[in-house]
Amino acid sequence: MPGIVVRAQFSELQSVFFPCQHSASFSVPAMRAALLIQRWYRQYVARLEMRRRCTWNIFQSMEYAGEQNQIKLYKFFSYLMDHFTPASSERNLIAHIFRENEVCRDAEWERYFNYKNIEVPEFYSGPHLNFPLTATNATELVEAFRTKQQLHSRYVLQLLVETWKLLRILPNINHVSTCHSKEITICGDLHGHLEDLLLVFYKNGLPSMETPYVFNGDFVDRGKNSMEILLILFAFLLVYPNDVHLNRGNHEDHIVNLRYGFTKEVLGKYRVHGKKILKLLQKIYSWLPLASVIDQKVLILHGGISDTTDLDIIAKVDRHRYVSTLRPPKQRKSSAKNKQSDQDSWDEDNMTRRRVRSMTYSSPGVSRPEVQRHSLQTLSSQVEEELRERRRRAGFSLSHGDLHNSLSSDSDSDPGENLETDAEDWKQVVDMLWSDPMPIDGCVPNEVRGGGCYWGPDITREVLEKHNLQLLIRSHECKQEGYEFCHNRKVLTIFSASNYYEVGSNRGAYIRLGPDLVPHLIQYQASRSTRDLTLRQSVGRTERSALRALREQLFAHKSDLISAFQEFDPEQTGLISLNHWATAMESVLQLGLPWRMLRSQLVNHTQDGKLNYQSWFKELAIMEPNTQLAHTNLLETLYKHHSNLETIFRIIDTDNSGLISFEEFRQTWRLLSSHLQIDISDEAISDLAQSIDFNKDGSIDINEFMEAFRLVDRTQQERSNSTLSGVHPHLLQSEHPTKTLLVSASPHFV
């Protein structure tokens, strides 16, 4: 085959350089020239491919690091819930996100989510829905969202309530059958990319009895149209309940939504009823099926499997108990008396502030630690050790096979109420939503993401043989071509959000599966601008975006990096070798990147092969916001843990107003400082709060605060300023002297 390609290219070159000569009389010098051109072209393409893979590693490493930080923060909150008393103010700040799926009568839920009293004004020009929905309603909804219209909150709530009612009667595993006249279409992650969903519908057809679909989770987060995607999918589910199948993904989780954007999107689009919409979506998430099986031969699930995966167990679990899969639910042993107590605790007027009882930690063979009424200030010396212990008991530091035993021995107790964790069921669900395949045999904890496992080809064979299956289709990972086979083509990853990291970074794809069960893959690119780009232009554009995001990370870790550099500079010359630079970079950022390959992209100047690391940070072209704060360590903490801080803000903002008080602002920073094991003075926090309270009303706008302290690429801002040079200066100047107008220059994984 390579010989055929060479001869074909050789013939093309011959026709170009010597159109009048017969191939038999082709000269030796011309042949050598053709081979040199061919060799150069192959090297050129290889270099571009290397740059593309390196860029991909940057994006993926930063994405997974963000997921790991999310889980670490959530585990820290779990620690606070388990070790702080109900009276502590710190515990009350986060208690509402940990409550179990409330046990209450359906009538109470419907009364809380009552949409009948919401009036649709006459001037509303968006789509109108009639229930039960028809195919025409669903089609009109698609067209309305295509033209940027918004569905009224009255219809949103009604649509979500009807979806919740339907999902409750569906099994954990959908069983789908093909027939000779139709194929089943399988879509992977969409992540709020409405343009990708619309393109799939355009190419493949709208869902119908003749065109059935399986959507494999992660409908929301990161993209800007997650709500529209959910409403479209739910509408078609109601119209064609036997032909549209939705699997749950790891982002169908209200805790994950706090960090990755969906919570913010809903509250921005539905300011009045957004809180109810989010609450109802929590219920819907927990009732989404976990997997689908086609013709008893093809298993479709979001993440993957493990060495303990058992479809018989999965088919029987109470999936609605897993409101968030990041924390195992507690199952009450006692009887109807406790259930009635749960119903009595239902608070219709303020669901999110339901009181959570105090718990103490115990396990067989381990003495129960005494629970003290300590504050966050005294916690800093203990929390990391305790958090590691909790993570160990949660299974994240153990071999994957030991997870069940560890979790079974980790039960919480409370006077008058016994609680137990159904660790096996929880582990089954977590593995399905969070796991990734690996090329070698075995099954190990997924330390990169912080949840689930890595499983090898041997585990794939065992699970497929055990359940008489022939193919596993999963999603969960972005692939450059939109899909990827592994494990001897027994595992197929499908990802349907094109341009996931950056415009041109990847294609999207979907699968058509007929009665022969042979997957037919269709690739696409939703952005028209990328279709006209050459390979070099596409790689260069994506590479610049990845490097901007990486430079922001480097600048945010400036102090840690300087300390690491100084360890290789005992004589304090300010110079280190490039090898030491690469070693220090990985030791601080721990992104697993090929730093030596990235050296030419990140280091512009050296002195006799050595790097002046103090001046190097100036070369990163990162601009800090123009603040009047003198607390440098506070600012660096803000830059470095920007996403964690915003997550805590969103949690504390229980009324979803977008505003928090000074006291809540201080409590946020105390939580963050305890989580990070750092000392931040109350004076520094107060100065920061006062500097950002522009209108002096004693409250802080979360969005304004996060934007005012976002790192920006200097070169990108200079280009933006030059673009805006024709705009009147008054329009670019903030009315507040401490606030700088900043334009974000890179993708943010929030």
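Biologist: Why does Trp581 count as buried?

Modeller: This is a predicted model, so the value is computed from predicted coordinates. The relative accessibility of Trp581 is 0%. Buried means under 20%. Trp581 therefore counts as buried.

Biologist: And why does Trp616 count as buried?

Modeller: By the same cut-off of under 20%. Trp616 has 0% relative accessibility, so Trp616 is buried.

Biologist: How many aromatic pairs are there?

Modeller: The count comes to 17 aromatic pairs.

Biologist: Why is the pair of Phe59 and Tyr501 called stacked?

Modeller: Check the distance, then the angle. Ring centres must lie within 6.5 Å, and here they are 4.9 Å apart. Planes under 30 degrees apart count as stacked. These planes are at 5°, so the pair is stacked.

Biologist: What makes this pair a link between distant parts of the chain?

Modeller: Phe59 and Tyr501 are 442 residues apart. Phe59 sits in helix α2. Tyr501 is in the loop between β16 and β17. Phe59 is buried, and Tyr501 is buried too.

Biologist: What makes the pair of Trp581 and Trp616 edge-to-face?

Modeller: The centres are 5.9 Å apart, and the planes make 90°. Over 60 degrees counts as edge-to-face.

Biologist: Which residues do ring pairs link into a cluster with Trp581 and Trp616?

Modeller: Phe565, Trp595, Tyr613 and Phe617 are in that cluster.

Biologist: How do you know that Lys558 lies over the face of Phe617?

Modeller: NZ of Lys must be within 6 Å of the ring centre and within 35 degrees of the ring normal. Lys558 is at 5.7 Å and lies over the face of Phe617. Arg489 lies over the face of Phe485, at 3.8 Å from the ring centre.

Biologist: Which residues of helix α21 are buried?

Modeller: Leu561, Ile562, Ala564 and Phe565.

Biologist: Why do the buried residues of α21 line one face of the helix?

Modeller: Look down the axis of α21. The buried residues fall within an arc of 160°, so they line one face. Their cover includes α20, β19, α22 and α24.

Biologist: What makes β11 and β12 edge strands?

Modeller: The open sheet has the order β11-β13-β12, with mixed pairing. Strands β11 and β12 each pair on one side only.

Biologist: How do you know that β12 pairs with β13?

Modeller: Pairing needs at least two bridges. There are 3 bridges between β12 and β13, which run antiparallel. So they pair.

Methods
Residues are numbered from 1 along each chain as its sequence is written. This is a predicted model: local features need pLDDT of at least 70, side-chain atom pairs count only at pLDDT 80 or more; totals for chains, interfaces and linings use all residues. Side-chain values use heavy atoms; hydrogens and water are left out. Helices (H or I, at least four residues) and strands (E, at least two) are DSSP runs, numbered from the N terminus. Buried means under 20% relative accessible area, exposed over 50%, partly exposed in between (1.4 Å probe, protein chains only). The arc is that of the directions from the helix axis to the C-beta atoms. Contact means heavy atoms within 4.5 Å. Rings of Phe, Tyr and Trp (its six-membered ring) pair if their centres lie within 6.5 Å; planes under 30 degrees apart count as stacked, over 60 as edge-to-face and the rest as tilted.
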